[in-house]
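Student: I've got a structure to look at and a few things I'd like to ask. Can we go through it together?

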Amino acid sequence: MNYKFPKDFWWGSASSATQMEGAYNIDGKEQNIWDYWYEIEPEKFHNNIGPYNTSNFYYKYKDDIKLMKDFSHNSFRFSISWSRLINEDQSVNDDAVKFYNDVINTMIEHNVEPFINLFHFDMPMYLQNIGGWENREVVTCYQNFAKKCFELFGDRVKKWFTHNEPIVPVECGYLGHYHYPCVVDFKRAVQVGYHIMLSSSLAIMEYKKLNQGGEIGIIINLTPSYPRSNSDEDLKASNIADLILNRSFLDTSILGEFPGELIEFVKEQNLMPEFTVEDLDAIKNNTVDLLGVNYYQPRRVKTKESKIEEGEPLTPESFFDFYDMPGKKINPHRGWEIYEKGIYDLAINIRDNYKNIPFFISENGMGVEGEEKFKIDGKIEDDYRIEFISEHLKWAHKALEEGCNLKGYHLWTFMDNWSWLNAYKNRYGFIEVDLNNNFKRTPKKSAYWFKEVIENNGF
Ligand code: BG6
């Protein structure tokens, strides 16, 4: 065996409530922004497929968890749907408690450790209606939701995460058109980002008060920034991209403060959010125990060369351009570059600049369109996925050998799930989900390969 991983390495996969549960309006679940957006603009979603019946985990979880066990996974990360658990009047939905209790208990029974995330892009609509993350009141609602989750499930769940990819609601919802409310306004985006980070600290504070003996962290999509060249201009552009898109979340979560350079930038651009000194204390005093890193692709950056059109709103990309590097390896289905060494580079950065905090790869994966064409005797032979995972694991292994505190590897995702605007276009799972046949599950070749990796704790 060439690549042996440490004892008790976390092997598994990840998903999120909106992307896998389905049952969008069953048993008292309230609407979230995705349900609402689909209701008013279904044509935005690939093939008009919305979030209503995603993968049906709500009905099939017992079999799905059994399948995780059959494939030797020892952990699985999912999220609790805020709009399922908490009713508009802020009371708790008992049916949701029953569902999540059952999911957690079934996982434990099958030796699949539940890793629970509290927010995965799914703001309840009743809170979006009062401004979502722009409104400080929503931060308090989230704090209460988090506390409730710890009280209800924390006796059995020992790995908690406050947010998945906190940049995404900011970037896609307030600097682009990929998430509702599709606003483009840098100042509002900064307020949203600030409130999300504050909410993370307040959830951590609530967790620590309860002394439940587990760990709490955050999941960040750490996309390393690589400058086109070593020219001062490209280095500066790459630094600003890194500052806004990575370090705003990373430094705040681990070091307890927004980077000084970021504060200067935000002040210079007149983007300062509303904040209080008490908020900053909460951020300082409630840093994470554990970090999840989602890694899909690098960010190649060059100095701003494209013209800023008249009237074009200010965004982070007003300060740099993305660099389309010739000859890069690419996943043509998703359009994302594949750069396996990125996993090593980000691990070294965490080791050297972020206290060598324990972290794991909480998402990595490859979305492919039209996987049926790789079917042989009813099974998808996804050798490209096996290659993708193994090449990333090789670099992860090298990082481990060099002293990085890497605890595990989770693939995105266990079974094919619904990918926001892309719906079911690109499939990521170890397990095929047949939308035309009652969401039937069929393991792909990669599921069998990964099982062997887990059982050997290496490959
Ligand atoms: C991550 C998210 O950004 O990437 C997931 O945490 C998402 O929710 C995954 O599904 C893959 O990206 P996409 O856009 O292809 O679904």
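Student: In the hairpin of β18 and β19, which residue takes a positive phi?

Tutor: First, a heads-up: this is a predicted model, where local features need pLDDT of at least 70, side-chain atom pairs count only at pLDDT 80 or more, and totals for chains, interfaces and linings use all residues. Residues are numbered from 1 along each chain as its sequence is written, and side-chain values use heavy atoms, with hydrogens and water left out. Strands here are DSSP runs of E, at least two residues long, and helices are runs of H or I, at least four, numbered from the N terminus. The hairpin has five residues between its strands, and the one with a positive phi, near 50°, is asparagine 438.

Student: How many bridges pair β18 with β19?

Tutor: Strands pair if DSSP finds at least two bridges between them. β18 covers residues 431–434 and β19 covers 440–443, and they run antiparallel. Valine 433 has arginine 441 of β19 as its bridge partner. The number of bridges is four.

Student: Is arginine 84 buried or exposed?

Tutor: You'll find arginine 84 in helix α4, residues 82–85. Buried means under 20% relative accessible area, exposed over 50%, and partly exposed in between (1.4 Å probe, protein chains only). Arginine 84 has 0% relative accessibility, so this residue counts as buried.

Student: Which side chain does a polar contact of 2.8 Å join to that of arginine 84?

Tutor: A polar contact is a pair of N or O atoms within 3.5 Å; within protein, one must be able to donate a hydrogen and the other to accept it, and residues adjacent in sequence count only if both atoms are side-chain atoms. At 2.8 Å, the partner of arginine 84 is glutamate 21.
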